[in-house]
Every structure is written in structure tokens, then in C-alpha cells.
Amino acid sequence: MIRSLTSPTDSLYVTPKNWLQKLHIDGWLLLGLLLLLSTSLLTVFSASGGDWQTTQQHGFRILFALGLMLAVAQVSPSNLALITPWAFLAGLIMLIAVLLFGDIGKGAQRWLDFGFIRFQPSELMKLALPMMVAWLFAYSDFPAPASRFIIGLVIIAVTASLIVVQPDLGTSILIAMSGLFVIFFAGLPWKIILGAITAIIVSMPIAWNFMHAYQKQRVLTFMNPESDPLGSGYHIIQSKIAIGSGGIDGKGFMGSTQAHLEFLPESTTDFIFSVFAEEFGLIGVVVLLSLYSFVLIRGLMIAYFAQDNFSRLVAGSFSMTLFIYITVNIGMVSGLLPVVGLPLPFVSYGGSSMVTLMISFGILMSIHTHKKMLTD
């Protein structure tokens with residue numbers, strides 16, 4: 001008789017049936033990611049004005065991230081659960097170190113400089129925090145005891161607080177949401193969820209007084225970018241012009257005048273969606289969103305069929321966090337949300353964000369391919 005698994009440390013695994021399973025790769029998920037990464041290379045090439053050096057650097061980063069994804073996929077969920085508390089503790093110590101003697105750049109103290117590498121600990125916490133909260137519920141029946149929810153909320157609050165004072169409000173909110181997704185999937189009562197939402201809405205006027213000047217300006221610009229079209233509202237106005245000028249079928253590959261004439265800032269990173277929409281129009285956007293939907297649905301399926309609580313919660317959190325990243329970036333460049341400096345997942349040029357995302361999907365592949373079967 002087959003029994004349900006609740007512990008991530010159970011270790012009797014099913015023998016892989018094909019070469020993809022032997023490499024611990026989920027073929028469908030890999031297909032979706034490769035299509036997104038191919039789109040990324042083409043769009044970065046166009047957004048950079050046909051700069052081969054920039055595109056090659058991006059390609060090398062993609063290959064490095066894919067290698068890390070494959071390496072992480074070899075680690076079983078049981079071993080991931082074992083190292084989770086230590087990884088979280090290391091991340092917490094590094095966040096404290098950032099506040100004490102972190103490297104300052106662009107007015108923010110967010111980095112640790114080890115000489116051979118300049119590292120942003122908040123990137124580690126994008127993985128470690130949701131995994132740590134999931135670890136709390138790994139051996140618990142659902143709905144979990146109230147004490148575990150309280151401990152989880154404390155862990156989220158402490159981590160987010162250490163990041164928000166750097167200051168990095170956008171990252172702190174996104175990391176906190178990744179942990180809150182775990183708590184939600186663990187069965188947090190709806191009355192508490194609604195109460196928390198109400199408390200957040202009520203506290204917004206108070207929170208405004210604690211925001212930095214540039215953060216307030218982003219909110220004001222979001223409300224009315226045309227009030228300062230050549231200043232704080234310039235970026236979002238140019239972005240909306242690029243998206244709107246794409247029309248139904250776009251201007252064609254390498255046809256982004258907003259990017260090539262340098263009207264659009266950060267065209268290869270935060271605003272790369274605007275370049276894509278201008279060149280490939282509504283049809284291209286629908287295709288891109290369909291690719292994202294495919295990857296998201298596959299991630300949620302992996303979460304649904306996961307065989308223990310830890311794996312289920314981690315997979316669900318990573319999948320929903322990707323959804324939030326996509327929504328925030330597209331909403332930001334479309335003028336539907338304030339600008340928070342968040343890249344478009346798997347498409348924007350960059351290193352740390354790409355690496356973090358690919359590691360998270362390596363964990364998803366590990367969860368899916370390390371199948372366990374135990375009998376009573």
C-alpha cells in the first residue's frame with residue numbers, strides 16, 4: 001500500500017525511466033525556459049542596437065545560469081531541506097553585515113564586497129526565505145498550528161526589515177511576498193488574510209511618512225507622470241509610447257525607434273518589455289505571455305504533484321513569485337504600477353536575477369524528478 005509522504009527526508013526514490021529523468025530535468029519546463037531565453041537573446045540584441053558584445057555577455061550568463069540550474073536539480077529535496085536552515089542563517093548574517101560594513105552604490109548600502117566578488121545578499125534570500133518558511137511546515141499536518149504561522153511571519157518580518165533599511169523597498173516587498181505565499185499555501189485562515197489586508201490599507205498613510213523622498217516621488221510619478229514629463233515622468237511616458245506604437249503586429253525585429261534613438265532608458269534591463277512590445281506588437285506580447293503562462297502552469301503542476309509538504313510549498317511559492325515578478329515588471333513599464341526597478345524574468349539583461357531564477361527552477365526540477373515511493 002502506497003502512503004502519502006509528508007517528510008522531505010524520506011529517501012526511497014523511483015528509478016529514472018529516460019535520460020531527462022536521469023539528469024533530473026523536466027522536459028516541458030526546460031522547453032518553456034529555453035524559448036524564453038531565446039527570446040531574451042533576440043530582444044537584448046535588438047535593444048542594445050545590435051551590440052554583439054553585450055549579447056555575447058548575456059549569452060554567457062545564460063549558459064552559466066543553465067549550468068547552475070542543472071547542478072541544483074541533482075540535489076534531492078531531502079538534502080535541500082537539510083541545508084535550508086543553514087542557508088537562511090548565512091543569508092541573515094550577511095544582511096546584518098551589509099548594514100554594518102556593506103558596500104555603498106547609487107545611494108544604497110546593499111552589497112558585500114569580498115574582493116573577488118561583489119555580492120547582494122538579498123538575492124540569496126529570494127531563495128532562502130521561502131524555503132525556510134516551508135521548512136517550518138515540512139513535518140506539520142495542514143492546517144498547521146497557529147504557532148508555526150506566527151514564527152513564519154516573524155521570520156518574514158525580520159528579513160524584510162533588514163532589506164528595507166538598505167534601502168530597498170521593492171525587493172523587501174517581493175521577498176516578503178514569497179514567504180507569504182508559503183504561509184498562504186500552508187492553510188492560513190482567510191479571516192487573518194483579510195485582517196492583514198485591511199491593516200495594510202489602514203496603515204498606508206502612516207507608512208508614507210517613513211518612505212524615502214525617491215520612493216515618494218515614484219508613487220507621485222505613477223499617479224501622474226505627465227506632471228513632470230522631462231523629469232521623473234520621462235521614463236514611463238517613453239515606455240508607454242514604445243508599447244503603444246507597436247500596434248497589432250509591431251515594427252519588426254530591430255525596429256524599436258524608442259530604444260535605438262535612446263528615448264527609452266534601461267532598454268535592455270527594466271524596460272525591455274517596452275522594446276519587445278514595440279517590435280512585435282500585440283501578437284508578440286500574447287505569445288510572450290503564453291510562454292510565461294506555460295512555465296507558470298508547469299510550475300504549479302509540479303507543486304500540486306509534489307510528494308511532501310516542503311517540496312509542495314517551495315514549488316508553489318517559487319511559481320507564484322515568478323508570477324508576481326512578471327506582473328510587477330509589465331505593470332511598471334505600462335504605467336499600471338509604480339517603477340520599482342525590477343527586471344523582466346528570463347528576458348532582461350543581467351546576471352544576479354537570472355542566476356537566482358534559474359536556481360529556483362533547478363529546485364523545481366529536483367522536486368519533480370526525485371520521485372519517492374514508500375510502502376507500508
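**The largest cavity and its surroundings**

Guide: Helix α14 gives the largest share of the lining of the largest cavity, namely five residues. What follows describes a predicted model. The structure has two cavities of 30 Å³ or more, and the space in the largest of them comes to about 140 Å³.

How many residues line this cavity, and which lie nearest its centre? The lining consists of 13 residues, and those nearest the centre are Thr 321, Tyr 325, Thr 356, Leu 357 and Ser 360. Three helices each supply at least two residues of the lining: α5, which covers 121–136, α13, which covers 309–333, and α14, which covers 352–369. Sorted by class, the lining has six nonpolar residues, five polar residues and two charged residues.

Phe 346 sits in the loop between α13 and α14. Its phi is positive, about 65 degrees, although Phe 346 is not a glycine. Most residues other than glycine have a negative phi. Is Phe 346 buried or exposed? Phe 346 counts as buried because its relative accessibility is 1%, and the cut-off for buried is under 20%.

Side chains of opposite charge can pair when their charged atoms come close. Lys 126 and Glu 123 form a salt bridge in which the closest N and O atoms are 3.0 Å apart. Both residues lie in helix α5, three residues apart, which is about one turn of the helix. Lys 126 has 13% relative accessibility and so counts as buried. Glu 123 has 11% and is likewise counted as buried.

Ala 90 belongs to helix α4, residues 77–101. With 33% relative accessibility, Ala 90 counts as partly exposed. Between Ala 90 and Leu 124 there are 34 residues of separation in sequence, while their C-alpha atoms are 9.2 Å apart in space.

By the rule used here, the salt bridges number three. One of them, between Lys 126 and Glu 123, has been described above. The other pairs involve helix α12. Arg 298 forms a salt bridge with Asp 26, and the closest N and O atoms of this pair are 2.6 Å apart. Arg 298 lies in helix α12, residues 272–304, and Asp 26 lies in the loop between α1 (19–22) and α2 (27–47), so the pair ties together parts that are 272 residues apart in sequence. Arg 298 is buried, with a relative accessible area of 15%. Asp 26 also counts as buried, its relative accessibility being 4%.

Glu 278 forms a salt bridge with Lys 251, with 2.8 Å between the closest N and O atoms. Here the residues sit in helix α12, for Glu 278, and in the loop between α10 (234–245) and α11 (257–260), for Lys 251, so the pair ties together parts that are 27 residues apart in sequence. What are the two ends of this pair, buried or partly exposed? Glu 278 counts as buried because its relative accessibility is 0%. Lys 251, at 38%, counts as partly exposed.

The last stop is on the surface. A nonpolar patch is formed there by Phe 184, Phe 185, Trp 190, Leu 194, Ile 197 and Ile 201, and together these residues have about 610 Å² of accessible area. Helices α7 (169–185) and α8 (190–208) each supply at least two residues of the patch. The largest share, four residues, comes from α8.

Note on methods:
Residues are numbered from 1 along each chain as its sequence is written. This is a predicted model: local features need pLDDT of at least 70, side-chain atom pairs count only at pLDDT 80 or more; totals for chains, interfaces and linings use all residues. Side-chain values use heavy atoms; hydrogens and water are left out. On a 1 Å grid over the protein atoms alone, a cavity is a set of points where a 1.4 Å probe fits but cannot get out, and a pocket is an open set with protein on both sides within 12 Å along at least five of seven lines; lining residues have an atom within 4 Å of a point. Grid points are joined across faces, edges and corners, and a volume is the space filled by probe spheres set on the points. Ala, Val, Leu, Ile, Met, Phe, Trp, Tyr, Cys and Pro count as nonpolar, Asp, Glu, Lys and Arg as charged, and the others, Gly among them, as polar. Patches are made of residues with over 30% relative accessible area and no salt bridge: like charges are joined within 9 Å, nonpolar side chains (Val, Leu, Ile, Met, Phe, Trp, Tyr) within 5 Å. Accessible areas come from the Shrake-Rupley method with a 1.4 Å probe; for residues, only the protein chains shown count as cover. A salt bridge is a side-chain nitrogen of Lys or Arg within 4 Å of a carboxyl oxygen of Asp or Glu. Buried means under 20% relative accessible area, exposed over 50%, partly exposed in between (1.4 Å probe, protein chains only).
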